[in-house]
Amino acid sequence: MALIVQKFGGTSVGTVERIEQVAEKVKKFREAGDDIVVVVSAMSGETNRLIGLAKQIMDQPIPRELDVMVSTGEQVTIALLSMALMKRGVPAVSYTGNQVRILTDSSHTKARILSIDDANIRADLKAGRVVVVAGFQGVDEQGNITTLGRGGSDTTGVALAAALKADECQIYTDVDGVYTTDPRVVPQARRLDKITFEEMLEMASLGSKVLQIRSVEFAGKYNVPLRVLHSFQEGPGTLITLDEEESMEQPIISGIAFNRDEAKLTIRGVPDTPGVAFKILGPISAANVEVDMIVQNVAHDNTTDFTFTVHRNDYQAALEILKQTATTIGAREATGDTNIAKVSIVGVGMRSHAGVASRMFEALAKETINIQMISTSEIKVSVVIEEKYLELAVRALHTAFELDAPARQGE
C-alpha cells in the first residue's frame, strides 16, 4: 500500500463535471488500497475573478485582505470534491491550509512554508479517509491567512508529500508530462519518461510552465519523487527524480526552454571604476526587481557598457531607475528593449560532452539568428535573441540536438 499525494490544478477542477471526474480517478486509487491526500487549486479563472473584484475597490489591494479573499477559491473546491467522493461511498474530509496548519512566514501573496502539522491528516488516513487539502494557502504565526503566490498549489502538494514522507507526489495538469519543448512550437516534441530535479529546475526557471519552480526546489530538497500526469488521459507521465542514469543512451540535451517575458536594459559610457556594478544594480535590487543575465563590455576609453535583463513586467520601473543612475554616475545614456526572448538548452549530459555551446551557436548561425547575450551553467546554455526569431530558434535547436520524435508511418 502506497501513500500518494495528488494535486489537481484549476483546469482539472474547472467545472462540477470535472470535479466529478477527479473524484472517479481518486476513487480508483483508493480502491486499489492506496492512502490518498488530494491537493486542489481554485476552479480555473476563479482567482483572477476574485483579484478583479478587489481591483474594482483598490488599484493596489491591501495584501493581507487580498489573501483573505483569494484563499476562498480553494475552499470551494475542497468542499465540492469531498462531497463528490462521499457521494461515491469514499469517506473524505476537507481541510483549509489553516485547519491543517500549514505554517508560513508573513509575506502576504508570496508566503513561504515553514512547517506542516500532519497529525490530523495521519489520523484521517488511518481511519480510511481521503484527505482533501486546499492548495496555495497557509497561516502565519499571528493566525493571518497567507497565500503562496501563483502556482502555489504545486508547492502545497510537494510540501505535504515531504511532511508525510509520501511514496510519490502526482501533479495532474492539462499536459501528459514534461516535453522536450513546447509542442505548440515544435509539433515533433517528445514526452520525457524521466528527468532529473536539476534539469526540471532549470527548465522551470527558464520558462517551462509545466511546474512551479518552488515546488521543484522543494521536491529536490526533500527527495520527493514527482510525477507529472494528464488529469483525464491515461498514461505514465514524466517522473522527476534525483537519479542521473549513467548510460550510453543518456541524451546530451533533455529539453529546450524559452521565455518571452524578458526585457533588456543597457547603460552606456559608464566610468570603469571599482564598485560601478553595485552602483548600477543596487538601486534595481532595492526596488525588488530581479536581474537575470548580465553582460559588461569595457571600451578603450576606460568606460564600460553594462547590459542586463529583467522580467518584462518590471521593465518600465527598472528603466526609470537606470536613467536616474545614469545621471548620478555620469554615464552617457540608458536604453531598453522589450523585443527580446531567451532560449535555453538544458541537460545533465552536458557535463560529459564538449562542444555543446558551439553546436548551439552553429545551429542559430545557420538560421542567421544573432545572439545578443550568453549565459552558461554546468547543465544549461541560455541566449538572448530578437523575439521574432524565437520559434525558429527553438525548432532549429530541437532538430540540431536530435530531440525530434520519429515521424509516424504515413506522415
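A residue is called buried when its relative accessible area is under 20%, exposed when that area is over 50%, and partly exposed in between, using a 1.4 Å probe and protein chains only. Thr47, at 13% relative accessibility, therefore counts as buried. This is a predicted model, in which local features need pLDDT of at least 70 and side-chain atom pairs count only at pLDDT 80 or more, while totals for chains, interfaces and linings use all residues. Residues are numbered from 1 along each chain as its sequence is written, and side-chain values use heavy atoms, with hydrogens and water left out.

Let us stay with Thr47 for a moment. Thr47 sits in helix α2 (residues 46-57); helices here are DSSP runs of H or I with at least four residues, strands are runs of E with at least two, and both are numbered from the N terminus. A contact means heavy atoms within 4.5 Å. Not counting residues up to four places away in sequence, Thr47 touches Ala42, Val70, Glu74 and Arg150.

Glu74, one of those neighbours, belongs to helix α4 (residues 72-87). With 2% relative accessibility, Glu74 counts as buried. The unreviewed UniProt entry carries the annotation "binding site" for Thr47 and Glu74. They span 28 residues in sequence, yet no two of their C-alpha atoms are more than 8.9 Å apart, so they gather at one spot. Such annotations may be inferred rather than shown by experiment; their positions follow the numbering used here, and feature names are shortened.

Now look at strand β9 (residues 168-173). Because 6 of its 6 residues are buried, this strand is largely enclosed by the rest of the structure. Glu168, Gln170 and Tyr172 point one way from β9, while Cys169, Ile171 and Thr173 point the other way. Two strands pair if DSSP finds at least two bridges between them. Strand β1 (residues 3-8) pairs with β9 in the parallel sense over 5 bridges, and β9 also runs parallel to strand β11 (residues 226-230), again with 5 bridges. Tyr172 is the bridge partner of Phe8 and stands opposite Leu229 in β11.

Finally, a nonpolar core is a set of buried Ala, Val, Leu, Ile, Met, Phe, Trp, Tyr and Cys residues joined through side-chain atoms within 4.5 Å. The largest one has 41 residues, and Val37, Ile121, Val133 and Leu226 have the most contacts inside it. Helix α7 (residues 152-164) gives this core its largest share, 6 residues. A second, separate core has 24 residues, among them Ile256, Val356, Val381 and Ala393.
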